[in-house]
Amino acid sequence: MISYYNTSFSNGQKIMDMNPIFSAKSKISHKSIRIIHETVNEEDDVHHWLDTNGKNELVIICSLSQQHVQRVKGIIERWIYE
């Protein structure tokens, strides 16, 4: 997997909007993953969907909490190995 989204402006300054906080794309399967951080005061859940609009991308939105780690890992593993 390689980093997929550019997270810097053209002047090199980091884009700090947490969209995405992580991204990667497989050179072999061409599947990509994008994880977007949601603040804790918003709905505290994990949301995900497949963007099949020419991207073959798994999008996950969640707050950064220990309770979400296993759920996010499971979502990613099922998608990678399907």
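This is a predicted model: local features need pLDDT of at least 70, side-chain atom pairs count only at pLDDT 80 or more; totals for chains, interfaces and linings use all residues.
A residue counts as buried when its relative accessible area is under 20%.

The burial applies to both faces of β4. On one side are E57, V59 and I61, and on the other are L58, I60 and C62; all of these are buried. For the protein as a whole, buried residues make up 34% of the 82 residues.

## Overall layout and confidence

The protein has 1 helix and 4 strands. Along the sequence these elements follow the pattern β-β-β-β-α.

The average pLDDT of the protein is 79, and 77% of the residues score at least 70. Confidence is highest in β4, at a mean of 92, and lowest in β1, at 84.

## Partners of β4

Strand β4 pairs with β2 in the parallel sense, and this pairing has 6 bridges. As one point of reference, S32 stands opposite E57 of β4.

Strand β4 also pairs with β3, which covers residues 47–51. Here the two strands run antiparallel and are joined by 5 bridges. W49 stands opposite V59 of β4. β3 and β4 form a hairpin, with 5 residues between the two strands. In the turn, G54 has a positive phi of about 85 degrees.

## The nonpolar core

Which residues make up the largest nonpolar core? There are 10 in all: I33, I35, V46, L58, I60, C62, V72, I75, I76 and W79. At least two residues of this core come from each of three elements, namely β2 (32–37), β4 (57–62) and α1 (66–81). The largest share belongs to α1, which supplies 4 residues.

S26 is found in the loop between β1 (22–25) and β2. Is S26 buried or exposed? Its relative accessibility is 15%, and because the limit for buried is under 20%, S26 counts as buried.

The side chain of S26 has two contacts with backbone nitrogens in the residues that follow. One is with the backbone nitrogen of I28, at 3.1 Å. In the other, a polar atom of the S26 side chain lies 3.0 Å from the backbone nitrogen of S29.

## Aromatic rings

A pair of aromatic rings is described by the distance of the centres and the angle of the planes. In this model the count of aromatic pairs is 0.

Definitions and conventions:
Residues are numbered from 1 along each chain as its sequence is written. Side-chain values use heavy atoms; hydrogens and water are left out. A nonpolar core is a set of buried Ala, Val, Leu, Ile, Met, Phe, Trp, Tyr and Cys residues joined through side-chain atoms within 4.5 Å. Buried means under 20% relative accessible area, exposed over 50%, partly exposed in between (1.4 Å probe, protein chains only). Two strands pair if DSSP finds at least two bridges between them. A polar contact is a pair of N or O atoms within 3.5 Å; within protein, one must be able to donate a hydrogen and the other to accept it, and residues adjacent in sequence count only if both atoms are side-chain atoms. Rings of Phe, Tyr and Trp (its six-membered ring) pair if their centres lie within 6.5 Å; planes under 30 degrees apart count as stacked, over 60 as edge-to-face and the rest as tilted. pLDDT is the predictor's confidence in each residue, from 0 to 100.
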